[in-house]
Amino acid sequence: PLAFLLIGYAQFRNFSGDAVWVMCAVATVAAAIAATTLLGRKKGMMADLPGLYAAFAVIATFLALTFQFDRIWLTLSYAVLVFVLSMTSLRTDFVTVRNLANVIVLLVLVRLSINPDLRGYEIFHPLGMQWVSYGYLVPLALFFAASRIFKRAKDDLTVTVLEGAALLLGIVFISIEIRIFMTGSIYSGGYRLPEASLQTIAWLTSALVLARRNLRYPRLFSTWGSRILTAAGAAQAIALQLVVMNPVFTGEFIDGYGLFNMLILSLAVPAVLLWLIAGSLLPTEDARRGPVMVLLRGAAALLAFAFVTQEVRVFFQGMLIRPVHASLLELYITTLAWLIPAAAPYFVNERRASHQIRSLATIIILVALLMLVFGHSFAFNPVVRGQVVRGWPAINTLLIGFLFPAALLYWVAKHLERPLRSVLLAGAYLLVVVWVWLSFKHAFQGPRLVVFHESLLELSLSTLAW
């Protein structure tokens, strides 16, 4: 009957209209349900036939909905069909019906994700662009309810598919709403930093919730959902927000007011979320927990220190950042802003700072050391760049650029073993030597330092101080 129904619809629908074929499909549904009911009372060789006729009923219902509806209403009707199938499982649970429910759920996901007809939905459906509010939330609610109902009879693949589908619809709905809020349309407008930042925050927040839930109630959808969302959020935060869309590289104006600007959404908030996810993504007994935690917290630290660096630049340069216009004081404070939080774990008890945190802090300190040695002492040396040193003799910007970092390096070196201790002490002593030299030049020459104009007294005192 199903084959005849499909052949007849394909051949004669232009002559009879869809209503006739809907009635034929409904009649087929009624016949299949009757056969299922009658055969359900039989035993022996006919015991497997009720499931087959139940599948015929589901397929005929599917065809009736396809003949009657189109666009979003067809998608919603498929979601309602899945919910109705879950209700029937409370009385009689057929494996064939569950398998067909899986196929219908996947079809709904395809129609709401990669369907080219989505572009015209805002024209033909109520609420315009906001058709997504019922187009996604109604299937989400129906799939979630169906998963709970199916689970009462048996927790199998169908339950996992429904849970995963509900999660996917929720994430897609949030992403589309952010797109509409930022651009006014689902399809128009470029993908810019504010929208990318909000999308990343939405993904990482969802990943954190799923990861925390998975630790208490392990489920396949929450396990892989949290991992996929974490990977997507971290990749977008680093590849797009930190590199491709970064105002430092694009030269674009930073939205916001002073230090309360877009950098908080694009760098700081993702860094905090990645740091929290790192401790919840995998259970403590999982052998992969350590490397994953180091990777995620390393990414969080990278975003956090990029945020600090750019906020320092905003403080000095305003909302339009030009790296080539950085002053000595700006560079010195940036390096100090790296060193202070990186040295913080060495100011507390080892029990409060884990080995992973201290290892990450050590890496940051070594990067800052390279900046201090090759940057402050050579490339950005005020003698080389010819920039003015602000302040008075012995109390000036040289303290921030050389003496304070040297003190922090010395303190951290006391808590490390060789050879790292020797490396940090050598860096600290080099900074002190350069600071003494520049301080005497500042005392004798004034705020603008030059080489080859030293007096004999300046050279003698510098040498004696060394």
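Which residues are linked in a network of salt bridges? Select R148, D155, E163 and R219: these four make up the network. A salt bridge here is a side-chain nitrogen of Lys or Arg within 4 Å of a carboxyl oxygen of Asp or Glu.

Before going on, note that this is a predicted model, in which local features need pLDDT of at least 70, side-chain atom pairs count only at pLDDT 80 or more, and totals for chains, interfaces and linings use all residues. Residues are numbered from 1 along each chain as its sequence is written, and side-chain values use heavy atoms, with hydrogens and water left out.

**Stop 1: salt bridges**

The structure holds 11 salt bridges. Stay with R219 and E163, whose closest N and O atoms are 2.9 Å apart. R219 sits in the loop between helix 9 (193-216) and helix 10 (220-244), while E163 belongs to helix 8, so the pair ties together parts that are 56 residues apart in sequence. Helices are DSSP runs (H or I, at least four residues), numbered from the N terminus. R219 is buried, with a relative accessible area of 14%, and E163 is buried too, at 4%. Buried means under 20% relative accessible area, exposed over 50%, and partly exposed in between (1.4 Å probe, protein chains only).

Next select R179 and E195, a salt bridge with its closest N and O atoms 2.8 Å apart. R179 is in helix 8 and E195 in helix 9, so this pair ties together parts 16 residues apart in sequence. Both R179 and E195 are buried.

Then move to E330 and R313, where the closest N and O atoms are 3.9 Å apart. E330 lies in helix 14 (residues 328-343) and R313 in helix 13, 17 residues apart. E330 is buried, with a relative accessible area of 2%; R313 is buried at 18%.

**Stop 2: helix 13**

Select residues 289-317, which form helix 13. At 1.5 Å a residue, its 29 residues should span 42 Å, and the end C-alpha atoms are 41 Å apart, which agrees. The expected span is 1.5 Å times one less than the number of residues. Just after this helix, look at G318, which takes a positive phi of about 95°.

**Stop 3: nonpolar cores**

In soluble globular proteins, nonpolar side chains tend to be buried together. A nonpolar core is a set of buried Ala, Val, Leu, Ile, Met, Phe, Trp, Tyr and Cys residues joined through side-chain atoms within 4.5 Å. Select L85, W131, V132, Y136 and F143: of the 40 residues in the largest nonpolar core, these touch the most other members. Helix 3 (49-68), helix 4 (71-88), helix 5 (95-111), helix 7 (132-153) and helix 8 (157-183) each give two or more residues to this core. Its largest share, 9 residues, comes from helix 8.

Which residues are in contact with V132, leaving aside its neighbours within four places in sequence? They are L137, F173, I176, E177, I180 and I186. Contact means heavy atoms within 4.5 Å.

A second, separate core has 39 residues, including A268, L296, A300 and F307.

**Stop 4: a surface patch**

Finally, select F444, L457, L461 and L464, which form a nonpolar patch on the surface with about 390 Å² of accessible area together. Such patches are made of residues with over 30% relative accessible area and no salt bridge, with nonpolar side chains (Val, Leu, Ile, Met, Phe, Trp, Tyr) joined within 5 Å. Accessible areas come from the Shrake-Rupley method with a 1.4 Å probe; for residues, only the protein chains shown count as cover. Helix 19 (residues 456-465) gives the largest share of the patch, 3 residues. L464 lies in helix 19 and is exposed, with a relative accessible area of 71%.

Terms used. Patches are made of residues with over 30% relative accessible area and no salt bridge: like charges are joined within 9 Å, nonpolar side chains (Val, Leu, Ile, Met, Phe, Trp, Tyr) within 5 Å.
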